[in-house]
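Hi,

Here is the structure I promised to pass on. Have a look at it first, and then read my notes below.

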Amino acid sequence: MEDPGREPLIAVVVVARNEAATVGSCLSAARRALEAAGGGEILMVDSASRDRTAEIGMAAGCRVLSVRTAARMTPAAMRWIGAAQTRSRLLLFLDGDCQLEPEFLPAALAAMESEASLGVVAGGRRDFHRTAKGLAPAGGEYYAGGRAAPRRPAYGGCALYRRAALEAAGSFDPFLRAKEEEDLAQRITRAGYRIAVLPVPMIRHVTVPRESLRRLARSLAHGFYVGRGQAMRVFLGRGEYRAAFRDLDRVFLMLGFLLLGMAGAVALARGISWPASLWLFSALVGYALFAVRSGSLSKPAYYATEWIVQGACLFLGFLTPSPPVKSFRWEGTERASGAERPADLPKVLLVAPLPAPPFRGGVEKGVDLLLKGDLARRTSMQLFNTYREQDPTRRLWSRLRYQAGMIRSFRKKLQESPPDLIHIKTSAGINFYQNALYASMGHFLGFPVLLQIHTGRFESFYRGRSWAIRAWIRRVLSRCTGMAALSRSWAERLSAIAPQATIRIVPNGLGEDELDRLSAGGEIRPSQIFFLGTGRKDLNRDKGLHDLLAVVPELARRHPQSRWVLAGLEAPEETREDLRRNGLDREGDEGRILCLGALAPEDREKLLLGSSLLVLPSYYENMPNILLEAMAAGMGVVATDVGAIPEMLGYGEGGLVVAPGDRAALAQALDRLLSAPTLVRAQGKRNRSAITREYTMSEVERKLAVIYREFSGWPEAVFQESASGPSVRPAKITTFPSPSQPVAGP
């Protein structure tokens, strides 16, 4: 056991803010490195995160300082707090979106031990950009290996510090919003210590792509550009002129060019046009040269915008004096490990329709089951309800105003309770257009998005659009973090539409209660054929009702012992008239054919339990819920070869499949099963077994849990360079009970 009076060798300070997607891997790697070095403390300084960053830190066995208020909450301030709240000879600072490489700490400790004048040791860094497709490695190393320049460190916030050097230099400036490492490096070297960057990998860092609006917005929100102005003021005050203006040449050139443009505009207002024309010509030539050199039309526009914004913020920061370090104050709470048990899955916002019961569609039923299940509790799942009763008489302006209000509500939901993942369930047509807006907004705001497509008409919907709309649909699908398909066949179809999309398979499933009720029927049943429509004439046409009506009269005569139940009809009497026109014998057959309208759930279950055969001659399906129910009830099946149906039926083991619209094949398949009740029972037995094995809500939740972890990056492996590259997986999270106590510091 370590002597309380003895100063520990090393402590790790992890600075994090809303890093739930990456901090688990960060802490696990740091813990492994410390254990290999003989042990040490990990302190996580959490900058008022709104996600589960603090809870993940506690579950990983770390001390967590949740900083509620600090005069200008900056990364430098969090490191200042971390240094003040630890006691060790060496301090390793890490950011929550970084992962320590195993080679670094042994090499850094050896360097520190061999040279007492070494104040800071860093190493190599690899950047990984967070994109809609996951993490993509950046080219090259961010830091150069070898010895750093005396007063210009080639490292960022992650490095190993000697506490004596840190204290001699006065620690970090907690008010400095940028260039804090370079400022500290100048003071450390003035205190007589040296800085080294070892030629070994140190960290992997997750960030957003360099040329992206998200990167620009994040830099503005964090005050980085204003911080450059602050740092310029500090460096000029010390006479460090190169440090003050380093890497700002293009910013000043852009500002000077804008001043020339303003002068040209003034001259143009006075009737002199050549200065403005020359300025415009120079701008176009410069843009063209930049575009050719970079191979992109967007990069010149991005960098011009960044330089202008940075220039404006630079002067604002330069004119804003930094308070003295002694005036820095902070407040927070120490939340030691195990103070509260975090959920074991990322927080999920479900975007889906949920009307009041009874539910008419399989999607609505599935949403209800998902929200009532254990997965919803483990993910703290919240619903953003997209259901609205259809009304074709609504005017376009009313529809647009409603959708604008929904978009505002969606954005507010994300701001008030940020999720770790957005799960969107969508179909085709206007529903897809609406959900594409939610997916695009979630992606723009930096949230991982899982898009799940439920309709069997999506492929025909896509093929029927113009080339421009098809290109937009492909972009929406590809920019999502991932997609979920209900079956292997649908995954292949979606992949053909959007080859760059990452697709996982999650089927529909039945709840345990429903499964128990449907499994109560016996194997031997009367010969009863069941068809269930949608209650709408136009949709029943897609369900193949007209094909069925064309073959029923002849089959009813060939099999007088059989009874037919046609339910979910919009107009049962009209259906009966169609049967009569197709040759139904009013005297002999009519009493054995029952035509019904919409069914209550309990009536549907009774008919499923009392029927031996389901007929589903659809033209479009994805994974029909009625087929799941019939399989659970142990029924034989005749269906069409569309959607997931062949896969669900084991490619012929659980039922006969025919081509949609092939009435002769449909009649032949029904005739075969009506003549072979033993085959029907064999199909029913296989179907019931397949349901309990593959299509239950517990199995759906298990697969979704894996996908939620994968696409949110929480807290499973975050870094994945390639199929053959290294994959880092955090250690198992454990909890250790300890009380919370308030803390504060000067």
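Helices (H or I, at least four residues) and strands (E, at least two) are DSSP runs here, numbered from the N terminus.

Before going further, a word on what you are looking at: this is a predicted model, in which local features need pLDDT of at least 70 and side-chain atom pairs count only at pLDDT 80 or more, while totals for chains, interfaces and linings use all residues. Residues are numbered from 1 along each chain as its sequence is written, and side-chain values use heavy atoms, with hydrogens and water left out.

Back to that pair. Strands E13 (residues 421-426) and E14 run parallel and are joined by 5 bridges; two strands count as paired if DSSP finds at least two bridges between them. To get from E13 to E14, the chain passes through helix H16 (residues 430-444), and this β-α-β crossover is right-handed. Right-handed is meant like this: with the strands pointing away from the viewer, the path from the first strand over the helix to the second runs clockwise.

How many residues of strand E14 (residues 449-453) are buried? The count is 5 of 5, where buried means under 20% relative accessible area, exposed over 50%, and partly exposed in between (1.4 Å probe, protein chains only). Val449, Leu451 and Ile453 cover one side, Leu450 and Gln452 the other, and they are all buried.

**The whole of that sheet**

E14 belongs to an open sheet of 6 strands in the order E12-E11-E13-E14-E15-E16, with parallel pairing. Its edge strands, E12 (382-385) and E16 (503-505), each pair on one side only. From one strand to the next, the twist averages 25 degrees; axes are lines fitted to C-alpha atoms, for helices over the stretch in contact, and angles run from 0 to 180 degrees between N-to-C directions.

Strand E11 (residues 348-352) pairs with E13 in the parallel sense over 4 bridges, and leucine 350 has histidine 423 in E13 as its bridge partner. Helix H15 (residues 396-416) lies across E11, E12 and E13, at about 165 degrees to E12.

**Another parallel sheet**

There is also an open sheet of 6 strands in the order E19-E18-E17-E20-E21-E22, and its pairing is parallel. Strands E19 (593-595) and E22 (656-658) are at the edges with a single partner strand each, so one side of each is left without a neighbour in the sheet. Neighbouring strands here are turned by 15 degrees against each other on average, direction ignored.

Strand E21 (residues 636-640) pairs with E22 over 3 bridges, and alanine 639 has valine 657 in E22 as its bridge partner. Helix H23 (residues 572-581) packs on the sheet, touching E18 (563-567) and E19, with its direction at about 145 degrees to that of E19; contact means heavy atoms within 4.5 Å. Helix H28 (residues 677-694) lies across E21 and E22, at about 85 degrees to E21.

**The chain overall**

The chain holds 29 helices and 23 strands, and 51% of its 746 residues are buried.

Best wishes
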